Amino acid sequence: MLRLVVRRLLQLIPTLLGLSVLLFLWLDRLPGGPASAILGEKATEAEVARINRALGLDQPVYVQYWRFLKRIVELDLGTSTQTGQPVWDEFVLRFPATVELSLLAILIAVAVGVPLGYFAARNRGGWLDVTAVSGSLVGICIPVFFLALILKGIFAVQLGIFPSYGRQDTGINATDVTGFAVLDGILTGEFDASWDAIMHLILPAVALASIPLAVIVRMTRASVLEVQDEDYVRTAEAKGLKRSVVRSRHVLRNAMLPVVTAVGLLTGSLLSGAVLTESVFSFGGIGSFIRTAIDGRDYPVLVGFIMFIAMVYVLINLLVDLAYSLIDPRVRVH
Amino acid sequence: MSVATKTDKIQRLAELTATKETSTGASLWREAFRRLKSSKMAIIGAVIIAVFVVIAVVGPYLTPYAPTAQTWRGEVFPNQGKFVGPRGENWFGLDHLGRDMFSRMLVGARQTLLVGVVSTLIGLVAGFLIGGLSGAAATLGGEAGKRVDSVIMRFIDMMLALPSLLLAVSVAAVMGQSLTTVMIAVGVVQVPVFARLLRGSMLAQGGADYVLAAQSLGVRKRRIVTSQIVPNSLSPVIVQATLSLATAIIEAAALSYLGLGNPDPAIPEWGVMLAQAQRFFDNAPMMAVYPAVGIIITALGFTLLGEAMREALDPKLRG
Amino acid sequence: MRIFKTRAARAITAAVAVGLIATGCASERDSDNESGGKKDTFVFAGAGDPGSLDPALASDGETFRVTRQAFEALLEHESGGTKLVGGLAETWSSNDAGTVWTFNLRKGVKFHDGEAFNAAAVCANYDHWFNWKGTYQSSAVSYYWQTIMGGFAKNEDPETPEANYKSCTAKDENTAVIEVKQPSANLPGGFSLNALAIHSPKAIKEYEKQEATAKGDAITYPKYSQEAGTVAGTGPYKIVKWNKGNKEVTLERFDDYWGEKAKIKNLVFRTIDTEEGRRQALQAGDIDGYDLVAPADVKTLEDQGYVVPTRGVFNLFYVGMSQSANPALKKKEVRQAIAQAIDKENLVKTQLPEGGKVADQFMPDTIEGYSKNVKQYPHDPAAAKALLKKAGAQNLTIEFCYPTEVTRPYMPAPQDLFELMKADLEKAGIKVKPKAMKWAPDYLDATEAGSCALHMLGWTGDFNDGYNFIGTWFAGFDKQWGFKDKKVFDAVNAGSKMGKAEERTAAYQKANEVIMDYLPGVPISSSPPAIAFGKNVNPPNVSPLTQEVFAEASFK
């Protein structure tokens, strides 16, 4: 087990190094280079030279790269050109919101998607199956931002069931402990704050869940279809086990393996979606922050974000691998 | 789409041609095509695509009016929320600058198809090169080749993990805003998908009997790759390309929404039209609905056909 | 299956429990709000986050909207108008030359941190700004100080203008005297800027301990300006919290305020980036007001019963030309052709908010110095074509930049305005190469650097002096326009050094005539930007300068 962890971690190093080289080159390729990204096109040559000196850009490339790498390792991702605050601090500030949103979206996707996919497979060809399959196909074809706009228009503006934007109502004076609004409410006993935060989460989470939901429905369905024809399922049925037992122990559990992996690895798609949904709902997480960073060409933030996601992805990937090897003994052999 | 599903599906797709009766690739195709013909999904998808392509190709010659002409601009008052809906002259009504929506939708289809096809091609060609290189190294390059392959693949995996939108935005940031940028940005997102697909497919083929046979007969390695492995790895690539077209169209719309789309908004493209029209959603919802429905249906067409093709290739998945 | 059942049972129990707690809380919260009978929190949405809580470091409207409620300057504008009146100074006067300004300060004014306001406090502020060092001297940080007072005690960059500020002396407890080296058209108007609002001397001491840094990459604003606690002004509200994650700044009524106290206890500014988002939030009842209303929404909202007052006209929207970016623009006929090609009437009629006016010079007609005798360039595509032919520029291709993802009070829908003008120019036979750019920093940088041959920009006045308009653009060579014309520069500067307002007005009128004869660009329109409020709101007086004081607002 430990060997697996160590080996996986070692394997990551070249990947992250490669990514850092690419990012470094990308920053270098930006129109006019970093100096002009900082100063704008109106910069005089003297100013550019000054900044270049300040940034150490007059030194050889490998020295510059080394410094770039050192800063990343020290979690010094630079300063946001828009807010003037350290990029790392900005992420830490906004990350909880996006985590909450993503978790709820995944929760919705799993809670709805797995049963739907399962029953669709059990009744293959039935109306539920047809609806679930065509629904999930349509689901991945609707642009996320359009869905978010429609949801907001109907449920927030027309019906007024949910708030139309933001993370918390202004009337709620919630105590900030961890940055996770829902958790904070529970910790401090301000349950109304938790409830308020949940209400704010629902619409964006539903919009964000649309693609994972569609994916999970189809994966579950395909997986169940595959597993229920496996020999061990037939054996179990032949042994005379009750159908319900076969279904839950053999079919569902085995069919869940790929789905679990999928859920663990939806990070990338969720963060992409978060950029769009969070900006539709003015939800103060990383997504809407990245949106403004895109608008304002805030390169330190964008570079930092890519590096940040790479790290998050690496960690989640590692966890999923480990979890998998715990669940499925066959994996351990490798 | 998620990484895991992406990689899983890609892997699965990649292995298909190799695991079936390898020597008779042609008969596999024939059988797949037979199955495809009886699939409702495939037929609906194919019909949608056919209609879309016909509109994209012929449409611009059938437009009643020039799509960029602000012929009726005196009749539309965005500042007062006054718009013109469908009427005899203008079947879909007017847009916010007094242009004929119907003509714009027709011409927009071509732009949308262009963005989809070109960006998929970009992803395909670049992915093909990287994946081919990696696959060739792994199958035929010995220990060193395996190491090269593993480095490339780790990296490709990382690219798959990055939010595609951010990847696209990075490209747009370096290249400035233009239609070419949109196509390249959306294409770049597809590169790792195709690379992984081709490489996986080649690896699966690498172990196939006929490759071993060719090797033992003393056929040169490069020749094995180009004349045996690559052609046999193509079918999954075609399937993926169909699916990628759908993704590309949606992805391009998202870029337009983020304001990174075509800098000349006069040239109609569905993504840009949708992004513009959402401002007037309260007063003129149809202005947003036309392009949105266009995007959804087209993407659906490609998805349906692509999925049906995959299922036809992989009997286990048949529903 | 047994396990499954108990798990399910547990899950259901948990869900029910959560549901009960949740509904319990929800009702509790509702009764909380309603039992009071009166709402005591006013939520207003802007389009962007403020940059800092210290207005002296800012130059953007989103920041000033917040800081204006908490900080006051020596002078201010009358509520809802453009006339200068006393602020923290009850009266003021200057010598004839306009170089010595004497302020008789208001008595009994307290800062939010309990400090007393007096002449020493005023001077502490001005000297603090004057002695800024390092990154504070960057024009991105101290834009308004540099505009009004020039440079610093010790300029560190040769590009920084020379200081015009000389000294501030506390003549007695309630009299402050500020001396400048040269008379300037920016005074006394500049004394009203929120960027030059007076902070508590105790806070200033705290500020001075902190550095703004430019650590290679970008400017890091000092910590005090990024969180509530240190900053202290004299305004009717005090800033109590800035929750960046939730994009909101919370202010609370300052009970020791010297003037009429704020009517609503809590004031919250939130950020909702999109026009639709803000409108929908108002319609959903989530906010009590918002700014930068799309013209299309004004009528919709009014019909639905919302309060949508329109501000006075105090801005100018123009098409700028950079003669260095496209040498064809050096020919006057070409500039004139462009002016005659653009159908301003149509833009005003279909795009700008009701009450918008076609502009014929670089100043709205509400400003002292507007001239009725400027040369006119009526819309006439045929004439434009003829002019181009005369200039030998029949095949003119010109780059036209426009900003994306932004609305400005003078420019409600930049992309639409651009598309309409593009069609106009093409009708006159000019080929237009569109170039879309992000508003900040790309577009602003590019236009300032003069790399956009044609571009659209505008200006909302800071105070009622013509120089605040024409002086912004035509006081000397400016890369944005890329031309040198002594006649224009002299005419514009003639007024700026005159001490008397009437003399200045006459000089500005003359300057407008000279500018429009030269035609450096095309003034398009002046329009009254709207601001929207909830149905139950008595809005504050809306200000042509977009300087609303939210202490005036109340709930019905």
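The model is predicted, so local features need pLDDT of at least 70, side-chain atom pairs count only at pLDDT 80 or more, and totals for chains, interfaces and linings use all residues. Residues are numbered from 1 along each chain as its sequence is written, chains are lettered from A and ligands numbered from 1 in the order in which they are written, and side-chain values use heavy atoms, with hydrogens and water left out. Helices (H or I, at least four residues) and strands (E, at least two) are DSSP runs, numbered from the N terminus. Two strands pair if DSSP finds at least two bridges between them.

**A sheet with β1 in chain C**

- Chain C has an open sheet of six strands with mixed pairing, ordered β10-β11-β12-β1-β13-β20.
- Its edge strands, which each pair on one side only, are β10 (237-243) and β20 (531-533) of chain C.
- From one strand to the next, the twist averages 20°; axes here are lines fitted to C-alpha atoms, for helices over the stretch in contact, and angles run from 0 to 180 degrees between N-to-C directions.
- Helix α6 (residues 275-283) of chain C packs on this sheet and touches β1, β13 (289-291) and β20 of chain C, where contact means heavy atoms within 4.5 Å.
- The direction of α6 makes about 165° with that of β13(C).
- Strands β1 (residues 41-46) and β12 (residues 266-271) of chain C run parallel and are joined by six bridges; C:T41 stands opposite C:N266 in β12(C).

- Two bridges link β15(C) to strand β19 (residues 522-526) of chain C in the antiparallel sense, and C:K357 stands opposite C:S526 in β19(C).

**Hairpins in chain C**

- Strands β4 (residues 89-94) and β5 (residues 100-105) of chain C pair in the antiparallel sense over five bridges, with C:T91 opposite C:N104 in β5(C).
- Five residues lie between β4(C) and β5(C) in their hairpin, and C:G98 in the turn has a positive phi of about 80°.
- Strands β6 (residues 165-172) and β7 (residues 175-180) of chain C pair in the antiparallel sense over six bridges, with C:A170 opposite C:A176 in β7(C).
- The hairpin of β6(C) and β7(C) has two residues between its strands.
- β5(C) and β7(C) run antiparallel and are joined by five bridges; C:V100 stands opposite C:E179 in β7(C).

**A helix in chain B**

- Helix α4 (residues 101-140) of chain B has 40 residues, which at 1.5 Å a residue should span 58 Å, and its end C-alpha atoms are 56 Å apart, which agrees.
- That expected span is 1.5 Å times one less than the number of residues in the helix.
- Just after α4(B), B:G142 takes a positive phi of about 70°.

**Cavities**

- The whole structure holds nine cavities of 30 Å³ or more; on a 1 Å grid over the protein atoms alone, a cavity is a set of points where a 1.4 Å probe fits but cannot get out, and lining residues have an atom within 4 Å of a point.
- The second largest cavity has a volume of about 120 Å³, a volume being the space filled by probe spheres set on the points, which are joined across faces, edges and corners.
- Residues lining the second largest cavity include B:R279, B:F280, C:E275 and C:D416.

- Most residues other than glycine have a negative phi, and most peptide bonds are trans.
- A cis peptide bond joins C:L187 and C:P188, with omega about 5°; C:P188 is in the loop between β7 and α5 (201-208) of chain C.
- A:S282 has a positive phi, near 45°, and is in the loop between α12 (267-280) and α13 (286-295) of chain A.

Methods:
On a 1 Å grid over the protein atoms alone, a cavity is a set of points where a 1.4 Å probe fits but cannot get out, and a pocket is an open set with protein on both sides within 12 Å along at least five of seven lines; lining residues have an atom within 4 Å of a point.
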